[in-house]
Amino acid sequence: MKKLLVTGSSGLIGSEVCVHFAKMGWQVNGVDNNQRAVFFGAQGDTRWNQQRLQNTIPGFVHHELDIRNRDAVIALVAAVRPDAIVHTAAQPSHDRAAAIPFDDFDTNAVGTLNLLEATRRFNTATPFVHMSTNKVYGDAPNRIRMKELATRWDYDDAAYEHGIAENFTIDQSKHSLFGASKVAADVMVQEYGRYFNMPTCCLRGGCLTGPNHSGVELHGFLSYLVKCNLEGKEYTVFGYKGKQVRDNIHSYDVAKFIEAFIGSPRIAEVYNLGGGKDNTCSVLEAFEIAASFSGKEMKYRYDEKNREGDHICYYSDLRKMKQHYPDWSITKTLPDTIEEIVGNWKNRH
């Protein structure tokens, strides 16, 4: 039986990967210490998801471990002897990072280095998948010429008809401290791939979403938006007239791509992993879709000040992913995804 090691296993992507590979017959080891509750308080608690995995995945092994603990990480990889590693653990909020810079960098950059070195010492042939972020591009996408439409912004440059590709600059822009710590991790994952000839990849995620997200205001756009809608809570729109655009990808489609990469790994690859142009929406458009499934009108207020380093419009160019893995494609539409999130929040309540 093949063994998978997943960090951040109680989070959205980590838990989806655990379930997905367990169904494929893998023995799954999860690493999580509920640090999300420390970062975001009770609303960010993921223990419910950990319990779900332990109750539903046969043979699932939970490891209560902080990835900042270098010796413990090295010992764990040596003991588990995984056939593949999926690294999703992170401090995920660019807003929160400014208040906890050491925790942010130690988790995102140093934690990733700990895992890479543990993997190298164990076996350089072990595929290593790292969940990076589109924030590695900083606010440079905002320099692209834009056009304002009735409910959204969009690119007004034919070069970006399909979205942002992997060769877009990551340099000389405002990233937020979170974006900077993720750049460090991203480049280190590439470097271990190139320098030690290891099968690594960085998945520069757009809006990763799905029904098992513990969305909070500082992280988890669609999940938190739906939660506010169902509870009748006021949602705050930060700048850009609520027309800022994101491409949303369901966690299941993320897990399917990770399966494809592990099945046919490559050295030091980078992919922009999002829903692509077809799965884009603005905040205003998301309000309408959520309301169509919940039957509740969205309550919100507008704050003129946008978030630091926030993208006006961002969607991923998926052509490289589809070229390298032609059997992979987006299977979950945006309305389907939001309907699932609405249903899951209702069940949790």
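Glu 340 sits in helix H12. This is a predicted model. At 27% relative accessibility, Glu 340 is partly exposed, because that class runs between the 20% limit for buried and the 50% limit for exposed. Beyond its neighbours up to four places away in sequence, Glu 340 touches Pro 211, His 250 and Lys 332.

**Helix H8**

Helix H8 covers residues 221–231. How many of its residues are buried? The count is 10 of the 11, so H8 is largely enclosed by the rest of the structure.

After H8 comes Gly 232, with a positive phi near 70°.

**Cysteines**

The structure has zero disulfides. A disulfide needs the two sulfur atoms within 2.5 Å. Cys 202 is in a like position: the closest cysteine sulfur belongs to Cys 201, at 7.0 Å, too far for a bond. Cys 202 is buried, with a relative accessible area of 0%. Cys 228 is buried too, at 2%.

**Accessibility of individual residues**

The table gathers the relative accessible area of single residues discussed in this report.

| Residue | Relative accessible area | Class |
|---|---|---|
| Cys 202 | 0% | buried |
| Cys 228 | 2% | buried |
| Ser 15 | 0% | buried |
| Glu 340 | 27% | partly exposed |
| Phe 102 | 69% | exposed |

**Helices H1 and H9**

Packed helices are described by the angle between their axes and the distance between those axes. Helix H1 (residues 12–23) packs on helix H9 (residues 251–263) at an angle of about 60°. Their axes are 9 Å apart. H1 and H9 are therefore oblique to each other. H1 passes H9 in a right-handed crossing.

Which residues make the contact? From H1 come Leu 12, Ile 13, Glu 16, Val 17, His 20 and Phe 21. H9 supplies Ser 251, Tyr 252, Val 254, Ala 255, Lys 256, Ile 258, Glu 259 and Ile 262. By type, the contact of H1 with H9 divides into nine nonpolar, two polar and three charged residues.

Ser 15 is also in helix H1. Is Ser 15 buried or exposed? At 0% relative accessibility, Ser 15 counts as buried. Leaving out residues up to four places away in sequence, Ser 15 touches Gly 8, Ser 9, Asn 49, Arg 52, Leu 53 and Asn 212.

**Phe 102**

Phe 102 belongs to helix H6 (residues 101–122). With a relative accessible area of 69%, Phe 102 is exposed. Phe 102 and Gln 190 are 88 residues apart along the chain. Their C-alpha atoms are separated by 23 Å.

How values were computed: Residues are numbered from 1 along each chain as its sequence is written. This is a predicted model: local features need pLDDT of at least 70, side-chain atom pairs count only at pLDDT 80 or more; totals for chains, interfaces and linings use all residues. Side-chain values use heavy atoms; hydrogens and water are left out. Buried means under 20% relative accessible area, exposed over 50%, partly exposed in between (1.4 Å probe, protein chains only). Axes are lines fitted to C-alpha atoms, for helices over the stretch in contact, and angles run from 0 to 180 degrees between N-to-C directions. Helices (H or I, at least four residues) and strands (E, at least two) are DSSP runs, numbered from the N terminus. Angles under 35 degrees count as roughly parallel, over 145 as roughly antiparallel, 65 to 115 as roughly perpendicular and the rest as oblique. A crossing is left-handed if the near helix is turned anticlockwise from the far one by less than a right angle, and right-handed if clockwise. Contact means heavy atoms within 4.5 Å. Ala, Val, Leu, Ile, Met, Phe, Trp, Tyr, Cys and Pro count as nonpolar, Asp, Glu, Lys and Arg as charged, and the others, Gly among them, as polar.
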